[in-house]
Amino acid sequence: AAGLGFLSVPIIQLIFEYGEFSHSDTEATALALSAYCLGLPFYSLVKILVPLCYAFERTRFAVGASVLSVALNVALNFWLIDLVGYWGLALGTSITAFIQALILFLFVHHLVVSSWLSDLVGRVARKFMLHLSIALGMGLVCYWTWKEIILPFGFSYFSEWGVLCRVFSVGLLVVEGVLVVYLVARLVGISETLEFFHLIRRKATEKPSP
């Protein structure tokens, strides 16, 4: 989400900015994409918390939260589209995802009565804030690289080698983002992120079975 949000302009530029699709169209589309990205982590959290409600046999609450979110989303869309314009639709969806995730999280936390489960929920919340901080830092580093290094070299402009330059610049930013996350994860000891990288490395070096 942080990568898509901070690098929305070069990503949209690489995919769409050709022919009649101007740079102003790229910036407008990137703004909507960035607004949608704000809600991605919370939308993912909802996908985890809803099954937890079903596991606790609180299906009515899960369904009620979903219905409430739909109504809230419609209301926010009508309000924000008048307030800020077209990208208010994306922002309203992200705000709705945050509120739904918050309601479900508080409800699940209320259901958890066992001390070790309560501690687990607390650790998950702390890890979420840690991952969020690292993601925002990674996004800011990549955005600075794009703004201060890549743009001055003109890699993103359309020319004879424009498409290749755009592919190279976006690929460079993605690699930089992955490296930043990996190095910070090693520095602060985030086991989940390191396990993910170890899994990728093991899959890449694993010999195919005969």
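Residues are numbered from 1 along each chain as its sequence is written, and side-chain values use heavy atoms, with hydrogens and water left out. Because the model is predicted, local features need pLDDT of at least 70 and side-chain atom pairs count only at pLDDT 80 or more, whereas totals for chains, interfaces and linings use all residues.

Helices are DSSP runs (H or I, at least four residues) numbered from the N terminus. Helix α4 (residues 40-55) and helix α6 (residues 88-111) have axes that come within 9 Å and cross at roughly 35°; axes are lines fitted to C-alpha atoms, for helices over the stretch in contact, and angles run from 0 to 180 degrees between N-to-C directions. The crossing of α4 and α6 is left-handed, a term applied if the near helix is turned anticlockwise from the far one by less than a right angle. On the α4 side, the residues that meet α6 are Phe-42, Tyr-43, Leu-45, Val-46, Leu-49, Val-50, Leu-52 and Cys-53. Their counterparts in α6 are Ala-97, Phe-98, Gln-100, Ala-101, Leu-104, Phe-105, Phe-107 and Val-108. Contact means heavy atoms within 4.5 Å. By class, the residues of the contact of α4 with α6 comprise 15 nonpolar, 1 polar and no charged (Ala, Val, Leu, Ile, Met, Phe, Trp, Tyr, Cys and Pro count as nonpolar, Asp, Glu, Lys and Arg as charged, and the others, Gly among them, as polar).

Cys-53, one of the α4 residues in this contact, is buried at 0% relative accessibility; buried means under 20% relative accessible area, exposed over 50%, and partly exposed in between (1.4 Å probe, protein chains only). Cys-142 is likewise buried, at 1% relative accessibility. The structure holds 0 disulfides, a disulfide being a pair of cysteine sulfur atoms within 2.5 Å.

The structure holds 7 aromatic pairs. Rings of Phe, Tyr and Trp (its six-membered ring) pair if their centres lie within 6.5 Å; planes under 30 degrees apart count as stacked, over 60 as edge-to-face and the rest as tilted. Phe-42 and Phe-128 form a tilted pair, at 6.2 Å centre to centre with 55° between the planes. Because Phe-42 lies in helix α4 and Phe-128 in helix α7 (residues 115-153), this pair ties together parts that are 86 residues apart in sequence. Phe-42 is buried at 19% relative accessibility, and Phe-128 is partly exposed at 28%. The pair of Phe-61 and Phe-107 is stacked, because the ring centres are 3.6 Å apart and the planes lie at 15°. Phe-61 belongs to helix α5 (residues 59-83) and Phe-107 to helix α6, so the pair ties together parts that are 46 residues apart in sequence. Phe-61 is partly exposed, with a relative accessible area of 28%, while Phe-107 is buried, with 16%. Ring pairs also link Phe-42, Phe-98 and Phe-128 into a cluster.

Two further residues were examined individually. Thr-193, in helix α9 (residues 191-205), is buried at 11% relative accessibility. Apart from neighbours within four places in sequence, Thr-193 is in contact with His-131, Val-181 and Ala-185. Leu-33, in helix α3 (residues 23-37), is partly exposed, with a relative accessible area of 22%. With neighbours within four places in sequence again left aside, Leu-33 is in contact with Leu-4, Ser-8 and Ile-12. The C-alpha atoms of Leu-33 and Ile-12 are 9.0 Å apart in space, and these residues are 21 residues apart in sequence.

Conventions
Helices (H or I, at least four residues) and strands (E, at least two) are DSSP runs, numbered from the N terminus.
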